Amino acid sequence: MNRPWRVVSLAGSLLVGTVAIPAGAQTALWQRFAIEGGAYEARGDSTLRVDANASALGTTINFEDDLGLEPTDRVAQGRIEWFLASRHELSLRGYRTERTGETGSSPFFRFGDFNFPAGHFVRTSFSLDQTELAYSYWFLQQPHFGVALELGAVEISTRAEVHLTGMSPLPLAARAGVMEERAAVLPLTIVLGVTASAKVAVPLIGGQFRALVGNSLILSGGVRFLPGVKVGDSRGDMWLGDVALEWRPLPHVGIGAAYQSSRLRLDFSQSGWHGRADLTTKGPAAFLRLGW
């Protein structure tokens with residue numbers, strides 16, 4: 001267990017008995033302290049568009065289709081919720097996803113005046129760690145329904161690797177025959193490795209709701225926005241969203257299913273080229289919740 005989780009869990013264990021929610025509001029919907037753990041089947045769709053500044057030539061690369069990156073990853077995730085007082089809640093959640101892949105049949109990548117015949121062998125890996133600490137103010141808090149404004153911070157740690165083995169980049173030719181001739185004359189093998197990693201903390205703003213349906217079903221959801229995400233020389237923003245349905249067979253035990261999604265868009269520009277990365281993750285999740 002990571003250190004932040006241990007600290008919050010210990011603090012909650014010591015103080016949960018001293019924090020009170022008014023009796024009128026303390027229903028199955030408003031528990032003072034809760035721990036949630038589950039699994040998330042993260043399905044990724046990652047694309048990269050790169051263009052040369054001096055021409056209209058460029059390429060769009062899909063990491064799953066073109067580079068063989070695994071499209072899904074089963075992820076363990078956790079969440080802690082703690083009501084400091086009526087209407088005031090702290091939450092901590094986090095997960096880690098890691099996908100790898102390889103392929104030997106990638107298409108030609110065209111960039112500027114060069115064509116990269118990268119169809120020999122490509123190995124890729126991508127990992128994302130996300131830890132979110134948020135404060136929620138439940139400006140609408142009724143026994144069976146509530147709406148909150150959410151503020152906080154998210155720490156995002158990413159690492160991407162692409163290793164390519166193939167022929168050296170060749171100048172574009174007007175006719176395919178010329179390209180074939182140059183390929184025969186220059187059969188130079190290259191091994192290209194690119195690694196990019198970053199760890200950033202960005203602000204979060206969003207909202208969430210909860211609704212008690214009948215006596216034992218709880219419907220909840222939320223949307224969160226992360227502005228000004230900066231990864232190296234790239235800048236962009238990120239959206240997070242989820243909706244969940246939980247069944248309480250016992251007063252302190254909940255079993256639920258959810259659907260989660262996130263989208264990170266980054267724009268980057270370097271001398272001679274520019275582009276955009278679009279990283280989308282979504283999929284179903286299941287969880288177990290213990291609350292008091």
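User: What should I know before reading the values?
Analyst: Residues are numbered from 1 along each chain as its sequence is written, and side-chain values use heavy atoms, with hydrogens and water left out. As this is a predicted model, local features need pLDDT of at least 70 and side-chain atom pairs count only at pLDDT 80 or more, while totals for chains, interfaces and linings use all residues.

User: How many aromatic pairs does the structure hold?
Analyst: Rings of Phe, Tyr and Trp (its six-membered ring) pair if their centres lie within 6.5 Å; planes under 30 degrees apart count as stacked, over 60 as edge-to-face and the rest as tilted. The number of such pairs in the structure is five.

User: How many residues apart in sequence are the parts that Trp30 and Trp138 tie together?
Analyst: These two rings form an edge-to-face pair, 4.9 Å centre to centre with 75° between the planes. Helices (H or I, at least four residues) and strands (E, at least two) are DSSP runs, numbered from the N terminus. Trp30 lies in the loop between helix H1 (3-15) and strand S1 (33-52), and Trp138 lies in strand S7 (residues 121-142), so the parts tied together are apart in sequence by 108 residues.

User: Is the pair of Phe33 and Trp292 stacked or edge-to-face?
Analyst: Phe33 lies in strand S1 and Trp292 in the segment after strand S14 (273-291), so the pair ties together parts 259 residues apart in sequence. The ring centres are 6.3 Å apart and the planes are at 25°, so the pair is stacked.

User: Is Trp292 buried or partly exposed?
Analyst: Buried means under 20% relative accessible area, exposed over 50%, and partly exposed in between (1.4 Å probe, protein chains only). Trp292 has a relative accessible area of 44%, so Trp292 is partly exposed.

User: Which residues does Ala211 contact, leaving aside neighbours within four places in sequence?
Analyst: Ala211 sits in strand S10 (residues 189-213), and at 15% relative accessibility Ala211 is buried. Contact means heavy atoms within 4.5 Å. By that rule the partners are Leu29, His144, Phe145, Leu217, Ile218 and Leu219.

User: Is Leu219 buried or partly exposed?
Analyst: Leu219 belongs to strand S11. Its relative accessibility is 32%, so Leu219 counts as partly exposed.
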